[in-house]
Amino acid sequence: MTSAKLLVLLGALAASAQATDYFFRFVGGNAVTHGQRLRLNNSIPLISPGVTAAPYNDADHFSRISVVDASPSTLFVVPTNPHPPPVPGYYGLSGAEGVPDTFRLLQSYHPADEPAPFLYQAWELVTKCDGSALLRYANDPYDERRWVAVKETTQAGVVRWVPWWIKPTAENFATLAAWDLEVADLELVVATGPVASNAPGGVVE
Ligand SMILES: *[C@@H]1O[C@H](CO)[C@@H](O)[C@H](O)[C@H]1NC(C)=O
């Protein structure tokens, strides 16, 4: 296979690896983001998975993904450290903050009720020659979009880096230029341990 990229629908992947869960981790970016799996806490109002600098908060929980062998291709988030009520969620891309061609990765409990645009039913993976798989969304026929890690400070004063799916354009250039961001990617990681709500991160790895 000489092609550097092979599009694989999540459903096809799940067919060969049923009952396997996954995480996504940043590759690239900076020393804080590179290699770090996405974590969540219960920050309100936006539930954006992200990464922080060490030391990590044991109350965070990893965003563990269960790939459902179904169409459309959704990313179902397993509740690893349930906060009442223990409800699962879905990964989606929110454009609700109004910057053109700029989408925040969110975990949503009720994806169908999110403010539009909210994209969550056409996730794809790009499998590289070395077998690693990168997360993509199907709204990118010309390979113009990128994952970036954007620095933000939570209401509690915690600095974290969260994934955004963006296409640089004339319309959003001024906004993106003002953000503290790093070009990165999101890579699939196979989960090796069980879910354990009392474990750091909500999983035993
Ligand atoms: C979540 O919030 C807590 C408390 O503010 C903080 O310690 C932790 O680093 C945050 N984690 C993430 C992934 O944002």
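**Close-up views of a predicted model**

**View 1. Contacts across the whole chain.** Among contacts (heavy atoms within 4.5 Å) in the chain with a separation of 6 or more, 57% join residues 24 or more positions apart. The model is predicted, and local features need pLDDT of at least 70, side-chain atom pairs count only at pLDDT 80 or more, while totals for chains, interfaces and linings use all residues. Residues are numbered from 1 along each chain as its sequence is written, and side-chain values use heavy atoms, with hydrogens and water left out. Of the chain's 205 residues, 47% count as buried, meaning under 20% relative accessible area (1.4 Å probe, protein chains only).

**View 2. The nonpolar cores.** A nonpolar core is a set of buried Ala, Val, Leu, Ile, Met, Phe, Trp, Tyr and Cys residues joined through side-chain atoms within 4.5 Å. The largest has 24 residues, of which F24, Y91 and W123 touch the most other members. A second, separate core holds six residues, including V150, V162, W164 and L176.

**View 3. The shell around the ligand.** R39, N41, G50, T52, N57, D60, A156, V158 and R160 surround the ligand, each with a heavy atom within 4 Å of it. These shell residues comprise two nonpolar, four polar (Gly is counted here) and three charged.

**View 4. Polar side-chain atoms at the ligand.** The pairs shown are polar contacts (N or O atoms within 3.5 Å). Oxygen atoms of the ligand lie 2.8 Å from a polar side-chain atom of N57 and 3.3 Å from one of R160. For D60, a polar side-chain atom lies 3.0 Å from a ligand nitrogen atom. The protein buries 78% of the 360 Å² that the ligand exposes when taken alone (Shrake-Rupley method, 1.4 Å probe).

Technical notes. A polar contact is a pair of N or O atoms within 3.5 Å; within protein, one must be able to donate a hydrogen and the other to accept it, and residues adjacent in sequence count only if both atoms are side-chain atoms. Buried means under 20% relative accessible area, exposed over 50%, partly exposed in between (1.4 Å probe, protein chains only).
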